[in-house]
Amino acid sequence: MGDTYENQPPEKLQGKYPAMVVCCILGIGSLVAWNSMLTIADYYYQVFPDYHPSRVLTLVYQPFALGTIVILTYHESKMNTRKRNLIGYTLFTISTFLLIVLDLATKGRGGVGPYIGLCTVVASFGLADATVQGGMIGDLSLMCPELVQSFMAGLAVAGALTSALRLTTKAAFEKSNGGQRKGAMIFLAISTFIEFLCVLLYAYVFPKLPIVKYYRRKAASEGSKTVSADLAAAGIQNTSDLTDDDSKNQRLTNKELLLQNIDYAVNLFLIYVCTLSIFPGFLYENTGKHGLGDWYALVLVAMYNCWDLVGRYTPLLKWLKIENRKLITIAVLSRYLLIPAFYFTAKYGDQGYMIMLISVLGLTNGHLTVCIMTIAPKGYKGPEQNALGNLLVIFLLGGIFAGVALDWLWLIGKKDAF
């Protein structure tokens with residue numbers, strides 16, 4: 001069993017497409033809980049109208065996510081990736097279920113106490129997110145680019161799925177008594193099920209796929225110790241490749257990896273600073289009143305999520321994929337023109353222009369993220385690819401945190417903003 005796949009090229013291994021499907025589902029699971037929070041923000045605005053839920057909850061979430069990923073990345077080379085990812089998905093499952101329990105216990109009433117409870121659960125989402133995203137992207141970075149792309153696409157599928165479900169539940173329960181609350185609870189129940197499914201898939205299905213075993217054996221032969229538990233779970237007991245030979249285990253340090261890829265890291269940071277300074281807080285609080293009424297913000301969020309999903313698949317077309325590092329930087333910096341465009345559209349434009357702008361924001365966010373995540377790990381050994389994946393996630397989450405903080409600037413000069 002130990003040598004079955006050792007000499008086979010990965011493209012001839014069975015299991016590539018099932019692995020891509022499983023990676024996509026695992027990507028959904030790593031973000032569906034948080035996207036659930038964002039997408040039912042209209043319900044939380046009804047329960048906590050004075051507490052800016054979409055902005056505050058995001059600001060609570062991000063420090064925990066960023067702090068956790070920094071700590072885990074520092075210890076990445078010695079961590080059990082299997083245990084790390086299973087803990088993350090389990091924490092997601094429990095936390096999402098606790099949102100339902102919290103709402104039932106408080107009977108959907110607002111107040112400071114329930115809001116603190118909500119913020120506590122959101123903080124646990126941040127811990128789980130850093131645990132899973134860093135672990136999964138690091139693990140998949142040492143495999144073929146299609147698996148990283150599928151996982152990143154799954155993040156966007158989570159957004160599109162939650163938006164579709166939210167629009168459906170809002171339409172179904174809009175005229176019933178407590179309709180928003182019923183829709184939100186159904187929403188959270190579905191999210192809890194998806195998280196539990198991810199625990200099962202990662203524990204029992206993913207490690208046994210042939211292409212996954214191939215790349216993990218390859219990483220082990222290059223000195224990676226993070227894949228040992230996954231190989232054991234796949235039934236590979238031959239650990240002859242896991243060596244303590246220093247000549248085999250030599251790899252670039254995290255500092256060296258970062259210096260070689262600093263442009264990729266900074267670009268990821270800038271992508272999410274731009275995106276999160278607009279999405280979702282600006283959409284819920286700064287777009288004014290329009291003909292769509294309280295559907296307007298939901299439609300804008302749905303359009304962002306759908307085009308973000310499209311953008312994560314466009315790099316599969318080679319003529320659309322940007323591989324030149326300078327071109328990536330130019331594209332990233334060009335997105336900042338969207339910030340004044342959103343400001344003037346909210347002030348003077350109509351719904352059509354706003355929908356067009358949010359579509360461009362989502363499309364470029366997804367496309368550029370996947371371009372960077374699939375190109376950066378090329379040419380490195382397995383342990384280095386794993387470390388680089390974790391380093392890139394630090395900058396991604398750092399960009400989200402900075403964007404969320406800057407999102408508050410839209411409130412300057414607005415009456416009753418605080």
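Does Gly179 count as buried or exposed, and at what relative accessibility?

I looked this up in a predicted model, where local features need pLDDT of at least 70 and side-chain atom pairs count only at pLDDT 80 or more, while totals for chains, interfaces and linings use all residues. I number residues from 1 along each chain as its sequence is written, and side-chain values use heavy atoms, with hydrogens and water left out.

**Gly179.** I find that Gly179 counts as buried, at 7% relative accessibility (buried is under 20% relative accessible area, exposed over 50%, partly exposed in between, with a 1.4 Å probe and protein chains only). I place Gly179 in helix α7, and I note that its C-alpha atom is separated by 8.4 Å from that of Thr169, 10 residues apart along the chain.

**The chain.** I count 18 helices and zero strands (DSSP runs, H or I of at least four residues for helices and E of at least two for strands, numbered from the N terminus). Of the 418 residues, 57% count as buried. Among contacts (heavy atoms within 4.5 Å) between residues at least 6 apart in sequence, 84% join residues at least 24 apart.

**α4 and α7.** I looked next at how α7 (residues 179-205) meets α4 (residues 81-106): their axes come within 9 Å and cross at roughly 160° (axes are lines fitted to C-alpha atoms, for helices over the stretch in contact, and angles run from 0 to 180 degrees between N-to-C directions). I record the crossing of α4 and α7 as left-handed (the near helix is turned anticlockwise from the far one by less than a right angle). By class, this contact has 15 nonpolar, seven polar and four charged residues (Ala, Val, Leu, Ile, Met, Phe, Trp, Tyr, Cys and Pro are nonpolar, Asp, Glu, Lys and Arg charged, and the others, Gly among them, polar).

**α12 and α17.** Helix α12 (residues 262-276) and helix α17 (residues 351-375) pack at an angle of about 160°, with their axes 10 Å apart, which makes α12 roughly antiparallel to α17. Their crossing is left-handed. On the α12 side I list Tyr264 and Tyr272 among the residues making the contact, and on the α17 side Asn365 and Met373 are included. The residues of this contact divide into 10 nonpolar, four polar and no charged.

Helix α5 (residues 112-141) has 30 residues and reaches 43 Å from its first C-alpha to its last, close to the 44 Å expected at 1.5 Å a residue (1.5 Å times one less than the number of residues). I find 24 of the 30 residues of α5 buried, so it is largely enclosed by the rest of the structure. For α8 (residues 210-221), the end C-alpha atoms are 17 Å apart, which agrees with the 16 Å that its 12 residues should span. I see α8 as mostly covered, with 10 of its 12 residues buried, and among them are Lys213, Arg216 and Arg217. The buried residues of α8 pack against α1 (16-39), α5, α7, α9 (228-233) and α18 (382-406). Gly223, with a positive phi near 105°, follows α8. Helix α14 (residues 296-313) has 18 residues and reaches 26 Å between its first and last C-alpha, close to the 26 Å expected, and its buried residues include Asn305, Asp308 and Arg312.

Methods. Parallel < 35°, antiparallel > 145°, perpendicular 65-115°, else oblique.
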